[in-house]
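Here are my notes on this model, set down as numbered points. Have the structure open while you read.

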Amino acid sequence: MIIHHLNTKTTSIILSMAMIFFIVACSTENEPKASTDNFDRQAMLVNWADNIIIPAYDNYVGKLTDLTNAKNDFIANRTLSNLEALKIAWLEAYIAWQSVSMFEIGKAEELSLRDFTNVFPTSKTAIEEHVNSGTYDLTLPSSRNQQGFPAIDYLLHGAAENQEMILERFETEENLRNYLNDLINRLADLSTAVLQDWEGGYRDEFVNNDGSTASSSVNKLVNDYMFYYERTLRAGKIGIPAGVFSNTPLSDRVEAFYRRDVSKTLFMASLNATIDFFNGQYYNGNGQGESLKSYLDFLNSITDGSDLSGLINDQFAKSKAKAENLGENFYTEVENNNAQMLQTYDELQANTILLKVDMFQALNIRVDYVDADGD
Amino acid sequence: MRSTKAAPLAVFRIFFGFLMAISIIRFWALGWIDKLYIKPLFHFSYYGFEFIKPLGEWTYVLFLICGLSAIGVALGYKYRLSIILFFLSFTYIELMDKTTYLNHYYFISLVAFLLIFLPVNAYFSLDAKRQPILSFEQVPQWTIDALKLLVAIVYFYAGLAKLNSDWLLQGMPLKIWLPAHYDLPILGNFFHQNWLIYLFSWSGAIFDLSIPFLLLYKRIRLVAFVLVVVFHMLTWVLFPIGMFPFIMILAATIFFDAKFHDKLLSIAAKALKINKKKFDNQKKLLQSFNKANKLKISLLAVFFIVQITFPFRYLAYPGELFWTEEGYRFSWRVMLMEKAGYASFKIVNGKTGEHFYVNNADFLTPFQEKQMSTQPDFILEYAHFLKKHFEKQGHEYLEVYVESYVAINGRRSTAFVDPTVNLADKKESWKHKNWILPFNDEIKGL
């Protein structure tokens with residue numbers, strides 16, 4: 001009986017504690033500021049989806065439509081001016097690509113969009129074999145370095161010694177025309193599938209997955225962003241050609257190797273897109289929304305830490321300033337001015353640390369879905 | 001020697017066995033066997049256990065043995081064999097790659113080891129049913145107390161570990177972790193407010209330090225248990241700690257009176273149509289003091305002395321424990337740090353000075369890379385792996401350097417390992433790693 005009596009007593013203590021707690025919780029909740037001074041991750045996801053990702057894809061798909069049209073014109077009518085128009089459309093689309101490449105999530109992830117769009121160096125030998133035989137399967141993972149912008153780059157700028165001879169090849173080789181046709185159609189198909197998915201159900205799925213677990217949208221996209229910054233931008237566009245990961249510089253690993261004089265343009269487009277995403281800058285027009293920057297600033301106000309977003313933006317500015325000194329043609333930069341390439345790499349590297357160590361810590365980003373009990 | 005009812009041991013055995021079986025199934029179903037033990041090219045070993053590696057596709061068989069032996073434990077079927085198999089297979093799994101180290105996995109290995117020596121199959125088990133000679137209603141009191149002591153050590157040491165300035169005065173790392181959960185009903189609205197963060201950190205420390213004693217004290221045991229449930233459910237909601245909360249909640253039931261366990265077993269017996277009376281034979285398992293038993297008891301005494309002293313080994317190392325992590329593991333330091341790092345390895349030809357950097361993703365999974373970049377012993381092991389790898393590729397006079405940065409608990413990142421030290425020359429040992437750069441801040445406390 002005594003035990004029973006105690007049990008009732010303890011139960012009532014617990015209940016009243018819970019009551020007090022709930023009353024406190026609810027009364028504070030009704031105060032106007034209680035929930036408005038919190039960060040809204042969903043607002044950030046909405047900004048990312050509606051003002052950055054979808055408009056960037058929309059623009060990219062539009063540029064690919066232009067590219068498809070230019071390609072159709074050229075295949076129908078193989079004049080020098082049509083070839084030049086095609087080259088311009090290729091560059092425009094390639095630049096537009098730099099603003100969507102980092103968003104390898106959802107359909108893009110499922111399709112391995114990046115790997116089917118921009119793997120370089122492209123394989124000249126394999127491409128010529130395909131053109132010769134006329135049989136190939138562009139959906140195979142092994143064909144990634146035989147398609148996308150780098151492969152088109154080869155066809156348009158490297159398939160023969162000079163522009164006249166390239167034109168001549170297109171004139172005489174139906175297989176070459178077919179290959180060009182297939183490459184551009186594939187780019188258009190892949191990107192359209194991704195855009196349609198975003199405009200269909202995926203946008204809502206993305207925006208509503210606003211938790212903080214490993215599989216939440218923020219967690220996943222920040223990991224994707226970091227992967228892009230580290231591997232594709234820092235290493236792929238600068239570090240690998242400059243020889244950071246090899247004993248000697250590898251000038252043939254630059255982006256747009258056959259065209260040569262646009263590697264800086266592509267790199268800057270990519271760097272700017274990375275910076276804009278960090279700051280929540282709208283893709284079209286001048287506007288800013290919730291972003292990694294504002295999330296960091298909010299968290300910083302709790303921890304009273306250093307101004308991390310300011311440091312990251314400063315380092316972005318330094319990277320940009322260093323890269324501005326580079327020539328348009330990274331091939332010749334690597335060959336003749338590699339010290340400048342390496343310095344640019346160092347500036348990009350400094351931000352890798354701020355992003356991957358300091359920002360990941362502040363945002364408590366998980367790199368993988370596994371159990372953990374603190375680091 | 002005092003005797004007591006064997007029911008608490010039986011309940012503990014059943015809970016433990018089934019929870020372990022569920023854990024193994026969960027691990028398997030989530031695809032983690034493949035992801036953590038088969039896919040990676042390289043595995044990080046514990047010092048002295050380098051020979052323990054995943055077994056390729058046979059790793060699945062290992063998990064199968066582990067899961068089946070856990071069920072054997074739960075049923076009390078060929079108990080000694082089951083628990084020994086479970087202990088060995090589970091511990092083997094944990095030793096395969098230290099990337100996955102979790103305090104609660106270590107706890108499970110320890111419990112399994114202890115259970116080898118306890119008569120937990122004496123009551124309400126298939127063994128006791130099939131061999132009446134093994135069936136006892138009463139067991140020596142110490143066998144239950146031993147389990148209580150192990151659970152108490154986990155809580156108390158976890159509490160001691162929280163007595164530091166980051167946890168108590170800075171509210172770290174909860175200040176990083178809690179605000180992210182603003183979407184939790186009610187509580188979430190306050191996760192960015194200092195009063196709640198500090199309430200959580202202080203009450204967490206007090207809870208860990210006091211709960212073993214509260215559970216021992218009969219009059220407040222129920223309240224204590226409610227606290228255990230609330231505490232662990234909160235951690236379950238907030239942190240990705242897997243099965244740990246459930247293991248601890250069920251482990252805490254060992255503190256209850258035998259009446260509670262008896263009742264629980266009666267209910268189970270009724271539901272499963274088991275004749276519980278058969279086990280209530282009033283037989284007493286007496287503690288014998290023959291040579292084997294003396295040896296067993298001495299072994300357990302050593303086991304507990306190690307448990308109590310081992311977590312303090314960090315005192316033998318200079319520098320900040322959170323920074324160097326020398327003596328950090330196996331010490332019940334749970335959820336104490338938010339640590340992030342970055343390590344970039346430079347492979348140098350010592351003769352020509354030619355060098356290049358390594359892309360870690362070529363060799364490590366993202367999870368391995370994360371763990372590697374913040375822990376010196378991982379960095380060293382990986383450096384040696386890289387040396388061997390590139391030697392095989394024909395590189396000569398190899399030197400391995402690392403440029404690394406680490407941030408802990410909201411501080412800015414700073415350089416971690418001396419970038420001028422050739423790690424290929426350094427050997428793993430129990431000694432202090434003098435190539436770790438000093439931590440340029442102070443964390444006061446235990």
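**Notes on the model**

1. Let me start with a loop: Pro173(B) sits between helix H8 (165–168) and H9 of chain B. The peptide bond that joins Met172(B) to Pro173(B) is cis, with omega at about 0°. Keep in mind that this is a predicted model. Chain A has a cis bond too, between Phe120(A) and Pro121(A), with omega at about 5°. Pro121(A) is also a loop residue, between helix H6 (113–117) and helix H7 (124–133) of chain A.

2. Two non-glycine residues of chain B with positive phi are worth a look. Phe124(B) has phi of about 55° and belongs to the loop between H5 and helix H6 (126–130) of chain B. Lys273(B) has phi near 55° and belongs to the loop between helix H13 (258–272) and helix H14 (291–309) of chain B.

3. On the overall build, chain B contains 17 helices and six strands. Its C-alpha trace spans about 80 × 50 × 40 Å along the principal axes. Among contacts in chain B with a separation of 6 or more, 70% are between residues 24 or more positions apart.

4. Now the sheet. Four strands of chain B make an open, antiparallel sheet, ordered E4-E3-E5-E6.

5. How many bridges join E3(B) to E5(B)? There are 11, and Asn349(B) has Leu398(B) as its bridge partner in E5(B). Strand E3 (residues 339–349) of chain B is joined to E4(B) by three bridges, with Lys346(B) partnered by Tyr357(B). E5(B) and E6(B) are joined by two bridges, and Val406(B) stands opposite Thr414(B). Five residues separate E5(B) and E6(B) in their hairpin, and Asn409(B) in the turn has a positive phi of about 45°.

6. E5(B) has eight of its 11 residues buried, so the rest of the structure largely encloses it.

7. Helix H7 (residues 141–161) of chain B has 21 residues, which should span 30 Å at 1.5 Å a residue; its end C-alpha atoms are 30 Å apart, in agreement. Its buried residues include Leu147(B), Val151(B), Val154(B) and Ala158(B). The buried residues of H7(B) pack against several elements of chain B, among them helix H1 (7–29), helix H10 (194–216) and helix H12 (244–252).

8. Finally, the interface: 46 residues of chain B are in contact with 42 of chain A. Elements of chain B that each supply at least two residues to this side include H5, helix H11 (221–238), E3 and E5. By type, the residues of chain B that touch chain A are 27 nonpolar, 11 polar and eight charged.

Definitions and conventions. Residues are numbered from 1 along each chain as its sequence is written. Chains are lettered from A and ligands numbered from 1 in the order in which they are written. This is a predicted model: local features need pLDDT of at least 70, side-chain atom pairs count only at pLDDT 80 or more; totals for chains, interfaces and linings use all residues. Two strands pair if DSSP finds at least two bridges between them. Two residues are in contact if their C-beta atoms, placed from the backbone, lie within 7 Å. The expected span of a helix is 1.5 Å times one less than its number of residues. A residue is buried if 20 or more other C-beta atoms lie within 10 Å of its own, exposed if 12 or fewer, and partly exposed in between; C-beta atoms are placed from the backbone. Ala, Val, Leu, Ile, Met, Phe, Trp, Tyr, Cys and Pro count as nonpolar, Asp, Glu, Lys and Arg as charged, and the others, Gly among them, as polar.
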